[in-house]
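I opened the model today and kept notes as I went.

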Amino acid sequence: MKGQALIRSIEAEQIKSDLPDIYVGDTVRVGVRIREGEKERVQPYEGTVIAMRNGGINETITVRKIFQGVGVERVFLLHSPLVEGIKIIRRGKVRRAKLYYLRDRVGKATRVKQRFDRSL
Amino acid sequence: MSIGILGTKVGMTQIFDDAGKAVPVTVIQAGPCKVTQVKTKDTDGYEAIQIGYGETREKLLTKPQKGHLAKSGAGSLRHLKEYRVDSAGEYELGQELKADLFEAGQIIDVSGRTIGRGFAGNQKRHNFRRGPMTHGSKNHRAPGSTGAGTTPGRIYPGKRMAGRLGNDKVTLRKLTVVKVDAEQNLLLVKGSVPGKPGALLSIAPTNKVGNK
(Lines give C-alpha, C1' and ligand atoms only; values in the text may rest on other atoms or scores of the structure.)
Protein backbone atom coordinates (compact mmCIF):
# COMPACT_ATOMS: atom_id res chain seq x y z
CA MET A 1 0.00 0.00 0.00
CA LYS A 2 1.16 3.50 -0.60
CA GLY A 3 0.21 7.08 0.02
CA GLN A 4 -3.49 7.76 0.10
CA ALA A 5 -4.41 4.07 0.35
CA LEU A 6 -2.35 3.88 3.54
CA ILE A 7 -4.06 6.95 4.98
CA ARG A 8 -7.50 5.63 4.07
CA SER A 9 -6.75 2.36 5.87
CA ILE A 10 -5.86 4.33 9.02
CA GLU A 11 -9.07 6.36 8.78
CA ALA A 12 -11.15 3.24 8.11
CA GLU A 13 -10.68 2.11 11.72
CA GLN A 14 -12.61 5.12 12.99
CA ILE A 15 -15.16 5.67 10.24
CA LYS A 16 -18.70 4.73 11.31
CA SER A 17 -20.51 2.32 9.02
CA ASP A 18 -23.92 2.61 10.67
CA LEU A 19 -24.67 6.23 9.73
CA PRO A 20 -27.94 6.80 7.85
CA ASP A 21 -28.05 8.56 4.47
CA ILE A 22 -28.29 12.23 5.33
CA TYR A 23 -29.33 14.89 2.82
CA VAL A 24 -29.43 18.66 3.07
CA GLY A 25 -32.92 19.75 4.14
CA ASP A 26 -33.58 16.74 6.37
CA THR A 27 -34.72 17.15 9.94
CA VAL A 28 -32.45 15.08 12.17
CA ARG A 29 -32.01 14.24 15.82
CA VAL A 30 -28.33 14.02 16.83
CA GLY A 31 -27.35 12.32 20.07
CA VAL A 32 -24.44 14.22 21.64
CA ARG A 33 -22.34 12.59 24.37
CA ILE A 34 -21.80 14.94 27.29
CA ARG A 35 -19.55 14.31 30.28
CA GLU A 36 -20.60 15.81 33.57
CA GLY A 37 -17.86 15.01 36.04
CA GLU A 38 -17.79 11.21 36.09
CA LYS A 39 -21.21 10.69 34.54
CA GLU A 40 -21.80 10.51 30.82
CA ARG A 41 -25.16 11.08 29.20
CA VAL A 42 -26.60 11.60 25.73
CA GLN A 43 -28.27 14.88 24.91
CA PRO A 44 -30.49 15.08 21.83
CA TYR A 45 -30.20 18.01 19.44
CA GLU A 46 -32.88 18.37 16.79
CA GLY A 47 -32.92 20.62 13.75
CA THR A 48 -32.63 21.02 9.99
CA VAL A 49 -29.47 20.08 8.10
CA ILE A 50 -28.54 23.27 6.25
CA ALA A 51 -25.07 22.26 5.00
CA MET A 52 -22.80 19.24 4.54
CA ARG A 53 -19.04 19.59 4.19
CA ASN A 54 -16.03 17.44 3.38
CA GLY A 55 -15.93 13.67 3.08
CA GLY A 56 -14.29 10.71 4.70
CA ILE A 57 -13.36 11.05 8.34
CA ASN A 58 -13.73 14.83 8.27
CA GLU A 59 -17.36 14.84 7.10
CA THR A 60 -19.54 17.38 8.91
CA ILE A 61 -23.16 18.53 8.95
CA THR A 62 -24.49 21.89 10.10
CA VAL A 63 -27.78 21.60 11.99
CA ARG A 64 -29.93 24.69 12.58
CA LYS A 65 -32.80 25.07 14.98
CA ILE A 66 -34.69 27.89 16.66
CA PHE A 67 -34.22 27.75 20.44
CA GLN A 68 -36.19 30.20 22.60
CA GLY A 69 -36.61 32.50 19.61
CA VAL A 70 -32.89 32.50 18.82
CA GLY A 71 -31.37 30.70 15.85
CA VAL A 72 -28.76 28.10 16.90
CA GLU A 73 -26.40 26.30 14.52
CA ARG A 74 -24.14 23.43 15.49
CA VAL A 75 -21.56 21.70 13.33
CA PHE A 76 -21.19 17.97 13.97
CA LEU A 77 -18.20 15.88 12.96
CA LEU A 78 -20.18 12.83 11.84
CA HIS A 79 -17.54 10.21 12.63
CA SER A 80 -16.62 11.66 16.01
CA PRO A 81 -17.15 9.39 19.03
CA LEU A 82 -18.92 12.34 20.67
CA VAL A 83 -21.77 11.92 18.18
CA GLU A 84 -23.61 8.95 19.62
CA GLY A 85 -26.06 8.49 16.78
CA ILE A 86 -28.16 10.29 14.18
CA LYS A 87 -31.83 9.69 13.49
CA ILE A 88 -33.65 11.09 10.47
CA ILE A 89 -37.05 12.43 11.47
CA ARG A 90 -38.25 14.02 8.23
CA ARG A 91 -36.96 14.21 4.66
CA GLY A 92 -36.92 17.68 3.14
CA LYS A 93 -37.31 18.79 -0.48
CA VAL A 94 -34.82 21.55 -1.32
CA ARG A 95 -33.13 22.87 -4.47
CA ARG A 96 -29.88 24.10 -2.89
CA ALA A 97 -26.82 22.34 -1.47
CA LYS A 98 -26.50 24.99 1.24
CA LEU A 99 -29.61 26.39 2.92
CA TYR A 100 -27.99 29.54 4.26
CA TYR A 101 -31.05 31.53 3.10
CA LEU A 102 -32.93 30.08 6.08
CA ARG A 103 -30.86 32.35 8.33
CA ASP A 104 -32.62 35.41 6.96
CA ARG A 105 -36.09 33.98 7.50
CA VAL A 106 -38.31 33.78 10.55
CA GLY A 107 -41.42 31.90 11.55
CA LYS A 108 -43.42 30.07 8.90
CA ALA A 109 -40.97 30.92 6.12
CA THR A 110 -38.28 28.70 7.68
CA ARG A 111 -40.26 25.54 6.94
CA VAL A 112 -38.79 23.09 4.44
CA LYS A 113 -41.22 21.18 2.21
CA GLN A 114 -41.40 17.48 3.02
CA ARG A 115 -40.56 14.86 0.44
CA PHE A 116 -41.85 11.32 0.53
CA ASP A 117 -39.78 9.50 -2.11
CA ARG A 118 -36.86 8.90 0.25
CA SER A 119 -37.22 6.44 3.09
CA LEU A 120 -36.40 7.56 6.61
CA MET B 1 22.03 11.18 22.46
CA SER B 2 20.07 8.30 21.07
CA ILE B 3 19.48 6.67 17.77
CA GLY B 4 16.88 7.94 15.32
CA ILE B 5 15.39 6.56 12.15
CA LEU B 6 14.84 7.72 8.57
CA GLY B 7 11.42 7.76 6.99
CA THR B 8 9.10 9.16 4.37
CA LYS B 9 6.19 11.52 4.84
CA VAL B 10 2.99 9.85 3.66
CA GLY B 11 0.44 12.61 4.28
CA MET B 12 -1.89 14.07 6.85
CA THR B 13 -5.22 13.02 8.32
CA GLN B 14 -6.97 13.20 11.67
CA ILE B 15 -7.83 10.66 14.33
CA PHE B 16 -9.96 10.81 17.45
CA ASP B 17 -8.33 10.56 20.86
CA ASP B 18 -9.78 8.97 24.02
CA ALA B 19 -11.69 12.14 24.89
CA GLY B 20 -13.29 12.13 21.44
CA LYS B 21 -11.35 15.13 20.17
CA ALA B 22 -10.05 15.15 16.61
CA VAL B 23 -6.23 15.28 16.56
CA PRO B 24 -4.45 16.34 13.33
CA VAL B 25 -1.71 13.82 12.57
CA THR B 26 1.00 13.28 9.97
CA VAL B 27 1.54 9.71 8.82
CA ILE B 28 5.23 8.81 8.49
CA GLN B 29 6.55 5.62 6.96
CA ALA B 30 9.50 5.12 9.34
CA GLY B 31 12.05 2.58 8.22
CA PRO B 32 12.89 -0.23 7.98
CA CYS B 33 16.47 1.02 8.24
CA LYS B 34 19.64 -1.05 8.42
CA VAL B 35 22.78 -0.33 10.38
CA THR B 36 25.48 0.20 7.75
CA GLN B 37 28.38 1.28 9.94
CA VAL B 38 29.25 1.23 13.64
CA LYS B 39 31.69 3.95 14.70
CA THR B 40 33.41 3.50 18.04
CA LYS B 41 35.90 5.53 20.03
CA ASP B 42 38.72 3.14 19.08
CA THR B 43 38.15 3.21 15.33
CA ASP B 44 36.76 6.70 14.65
CA GLY B 45 37.32 8.76 17.79
CA TYR B 46 33.61 9.03 18.60
CA GLU B 47 30.58 6.81 19.05
CA ALA B 48 27.96 6.81 16.29
CA ILE B 49 25.73 4.61 14.21
CA GLN B 50 25.24 5.05 10.48
CA ILE B 51 21.95 3.80 9.12
CA GLY B 52 20.66 3.38 5.57
CA TYR B 53 17.14 3.71 4.23
CA GLY B 54 15.31 3.42 0.91
CA GLU B 55 15.70 0.49 -1.45
CA THR B 56 17.05 1.49 -4.82
CA ARG B 57 18.36 -0.15 -7.98
CA GLU B 58 21.93 -1.35 -7.78
CA LYS B 59 22.98 0.41 -10.98
CA LEU B 60 22.17 3.79 -9.45
CA LEU B 61 24.95 3.40 -6.87
CA THR B 62 28.60 4.17 -7.45
CA LYS B 63 31.32 1.59 -6.93
CA PRO B 64 32.51 3.11 -3.62
CA GLN B 65 28.91 3.17 -2.32
CA LYS B 66 28.43 -0.48 -3.26
CA GLY B 67 31.65 -1.40 -1.49
CA HIS B 68 30.58 0.45 1.66
CA LEU B 69 27.13 -1.19 1.71
CA ALA B 70 28.56 -4.65 1.00
CA LYS B 71 30.39 -4.59 4.34
CA SER B 72 27.11 -4.65 6.23
CA GLY B 73 25.15 -6.69 3.69
CA ALA B 74 22.42 -4.06 3.76
CA GLY B 75 21.59 -4.27 0.06
CA SER B 76 21.20 -1.22 -2.19
CA LEU B 77 20.17 1.72 -0.05
CA ARG B 78 19.70 5.28 -1.20
CA HIS B 79 20.02 7.39 1.94
CA LEU B 80 22.65 7.16 4.69
CA LYS B 81 22.61 9.10 7.94
CA GLU B 82 24.65 9.09 11.12
CA TYR B 83 23.29 9.38 14.67
CA ARG B 84 25.56 9.98 17.66
CA VAL B 85 24.94 7.45 20.44
CA ASP B 86 26.38 6.89 23.93
CA SER B 87 27.64 3.40 23.25
CA ALA B 88 27.76 2.16 19.69
CA GLY B 89 28.73 -1.33 20.79
CA GLU B 90 25.10 -2.27 21.40
CA TYR B 91 24.42 -2.25 17.67
CA GLU B 92 25.74 -4.61 15.05
CA LEU B 93 26.18 -4.33 11.29
CA GLY B 94 23.09 -5.16 9.24
CA GLN B 95 20.76 -4.86 12.23
CA GLU B 96 17.27 -3.75 11.27
CA LEU B 97 15.68 -0.69 12.89
CA LYS B 98 11.92 -0.33 12.76
CA ALA B 99 9.21 2.07 13.87
CA ASP B 100 8.86 0.22 17.20
CA LEU B 101 11.92 2.20 18.29
CA PHE B 102 9.31 4.78 19.34
CA GLU B 103 6.26 4.47 21.53
CA ALA B 104 2.98 6.37 21.74
CA GLY B 105 3.28 9.53 23.81
CA GLN B 106 7.00 9.97 23.19
CA ILE B 107 8.35 13.43 22.33
CA ILE B 108 10.41 13.52 19.14
CA ASP B 109 12.23 15.86 16.77
CA VAL B 110 11.53 15.60 13.05
CA SER B 111 13.79 17.17 10.45
CA GLY B 112 13.46 17.42 6.72
CA ARG B 113 13.47 19.86 3.85
CA THR B 114 10.69 22.42 3.45
CA ILE B 115 8.73 22.74 0.22
CA GLY B 116 10.80 24.63 -2.38
CA ARG B 117 9.09 27.81 -3.52
CA GLY B 118 11.63 28.87 -6.15
CA PHE B 119 12.56 32.52 -6.68
CA ALA B 120 10.18 34.40 -4.40
CA GLY B 121 9.62 38.12 -3.91
CA ASN B 122 9.83 40.08 -0.68
CA GLN B 123 6.16 39.73 0.23
CA LYS B 124 6.35 35.95 0.29
CA ARG B 125 9.96 35.57 1.42
CA HIS B 126 10.32 38.22 4.13
CA ASN B 127 6.71 39.18 4.91
CA PHE B 128 7.12 42.71 3.51
CA ARG B 129 3.97 44.77 3.14
CA ARG B 130 2.77 45.61 -0.34
CA GLY B 131 2.12 49.04 -1.82
CA PRO B 132 -1.32 50.39 -2.70
CA MET B 133 -2.96 48.47 -5.55
CA THR B 134 -4.96 51.49 -6.82
CA HIS B 135 -5.13 55.32 -6.67
CA GLY B 136 -2.52 55.60 -9.42
CA SER B 137 0.09 53.61 -7.54
CA LYS B 138 2.52 51.57 -9.57
CA ASN B 139 4.28 50.29 -6.48
CA HIS B 140 2.44 46.98 -5.96
CA ARG B 141 4.91 44.33 -4.84
CA ALA B 142 8.16 46.27 -5.23
CA PRO B 143 10.81 45.93 -2.50
CA GLY B 144 10.89 49.65 -1.55
CA SER B 145 14.03 51.50 -0.51
CA THR B 146 17.20 49.46 -0.14
CA GLY B 147 19.14 52.14 1.78
CA ALA B 148 20.62 55.64 1.64
CA GLY B 149 22.21 57.30 -1.43
CA THR B 150 25.75 58.47 -2.14
CA THR B 151 26.71 57.77 1.46
CA PRO B 152 27.33 54.85 1.92
CA GLY B 153 26.96 54.30 -1.85
CA ARG B 154 26.38 50.59 -1.46
CA ILE B 155 23.79 48.20 -0.10
CA TYR B 156 24.52 46.87 3.36
CA PRO B 157 25.13 43.12 3.55
CA GLY B 158 22.14 41.19 4.81
CA LYS B 159 19.61 43.49 3.16
CA ARG B 160 16.51 41.38 2.67
CA MET B 161 15.74 40.89 -1.00
CA ALA B 162 14.00 38.52 -3.40
CA GLY B 163 15.59 35.11 -3.94
CA ARG B 164 15.28 31.38 -3.48
CA LEU B 165 12.78 30.40 -0.79
CA GLY B 166 12.20 26.99 0.78
CA ASN B 167 14.07 23.72 0.31
CA ASP B 168 15.89 24.45 3.60
CA LYS B 169 16.62 21.89 6.26
CA VAL B 170 14.27 22.47 9.16
CA THR B 171 13.89 20.63 12.46
CA LEU B 172 10.54 20.66 14.20
CA ARG B 173 11.10 19.99 17.89
CA LYS B 174 8.94 18.39 20.57
CA LEU B 175 6.33 16.70 18.43
CA THR B 176 4.23 14.00 20.09
CA VAL B 177 3.92 10.46 18.77
CA VAL B 178 0.21 9.65 18.83
CA LYS B 179 0.33 6.07 17.61
CA VAL B 180 2.86 3.49 16.41
CA ASP B 181 1.98 0.76 13.93
CA ALA B 182 4.91 -1.64 14.26
CA GLU B 183 3.51 -4.03 11.66
CA GLN B 184 3.44 -1.52 8.81
CA ASN B 185 6.24 0.66 10.24
CA LEU B 186 4.01 3.69 10.55
CA LEU B 187 4.29 6.60 12.97
CA LEU B 188 1.40 8.98 13.58
CA VAL B 189 2.81 12.31 14.77
CA LYS B 190 0.68 15.17 16.06
CA GLY B 191 0.91 18.23 13.85
CA SER B 192 2.69 18.86 10.57
CA VAL B 193 6.21 18.02 9.38
CA PRO B 194 8.35 19.66 6.65
CA GLY B 195 8.00 18.86 2.96
CA LYS B 196 5.45 17.25 0.70
CA PRO B 197 4.30 13.62 0.78
CA GLY B 198 7.27 11.49 -0.26
CA ALA B 199 9.82 13.76 1.43
CA LEU B 200 12.70 12.21 3.37
CA LEU B 201 12.52 12.77 7.13
CA SER B 202 14.82 12.08 10.05
CA ILE B 203 12.99 11.18 13.27
CA ALA B 204 14.84 11.08 16.59
CA PRO B 205 13.95 11.30 20.29
CA THR B 206 13.90 14.95 21.25
CA ASN B 207 17.15 16.70 22.03
CA LYS B 208 17.02 18.01 25.59
CA VAL B 209 18.76 21.35 25.96
CA GLY B 210 20.10 22.68 29.25
CA ASN B 211 19.86 21.10 32.67
CA LYS B 212 17.04 18.60 32.32
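My entries follow, one topic at a time.

**Ground rules.** I am working with a predicted model, where local features need pLDDT of at least 70, side-chain atom pairs count only at pLDDT 80 or more, and totals for chains, interfaces and linings use all residues. Residues are numbered from 1 along each chain as its sequence is written, chains are lettered from A and ligands numbered from 1 in the order in which they are written, and side-chain values use heavy atoms, with hydrogens and water left out.

**Chain A, overview.** I looked up the secondary structure of chain A and found 1 helix and 5 strands. Helices (H or I, at least four residues) and strands (E, at least two) are DSSP runs, numbered from the N terminus. The pattern along the sequence of chain A is α-β-β-β-β-β. I also noted the box filled by the C-alpha atoms of chain A, roughly 50 × 40 × 25 Å along the principal axes.

**Chain A, strands.** I checked pairing next; two strands pair if DSSP finds at least two bridges between them. Strand β1 (residues 27-36) of chain A runs antiparallel to strand β2 (residues 39-53) of chain A, with 10 bridges. One pair I looked up is A:Ile34, whose bridge partner in β2(A) is A:Arg41. The hairpin of β1(A) and β2(A) has 2 residues between the strands, and A:Gly37 there takes a positive phi near 65°.

β2(A) also pairs with strand β3 (residues 60-67) of chain A, antiparallel, through 5 bridges. Here A:Ala51 has A:Thr62 in β3(A) as its bridge partner. The hairpin of β2(A) and β3(A) has 6 residues between the strands, and A:Asn54 in the turn has a positive phi of about 60°.

**Chain B, open sheet.** I traced an open sheet of 4 antiparallel strands in chain B, in the order β5-β4-β3-β6. Its edge strands are β5 (77-84) and β6 (96-97) of chain B, each pairing on one side only. Strand β4 (residues 48-55) of chain B joins β5(B) through 7 bridges. In that pairing B:Ala48 stands opposite B:Arg84.

I then followed strand β10 (residues 169-181) of chain B, which is joined to strand β7 (residues 107-113) of chain B by 6 bridges, antiparallel. B:Ser111 stands opposite B:Thr171 in β10(B). β10(B) is also joined to strand β11 (residues 186-190) of chain B, antiparallel, by 4 bridges. B:Val180 has B:Leu187 in β11(B) as its bridge partner. The hairpin of β10(B) and β11(B) has 4 residues between the strands, and B:Asn185 takes a positive phi near 60°.

**The interface.** How many residues does each chain bring to the contact? I found 15 from chain A and 16 from chain B, with contact meaning heavy atoms within 4.5 Å. The area buried between the chains is about 1200 Å², 65% of it from carbon and sulfur atoms. Buried area is the accessible area (1.4 Å probe) that two parts lose on being put together, summed over both.

I looked for salt bridges across the interface and found 1. The rule wants a side-chain nitrogen of Lys or Arg within 4 Å of a carboxyl oxygen of Asp or Glu. The pair is A:Glu13 with B:Lys179, the closest N and O atoms being 3.0 Å apart. Helix α1 (residues 3-12) of chain A gives the largest share of the side of chain A that touches chain B, 5 residues.

Most residues other than glycine have a negative phi, and most peptide bonds are trans. I noted a cis peptide bond between B:Thr151 and B:Pro152, with omega about 10°. B:Pro152 lies in the loop between α3 (122-126) and β9 (163-165) of chain B. B:Asn167 is not a glycine, yet has a positive phi of about 55°. I placed B:Asn167 in the loop between β9 and β10 of chain B.
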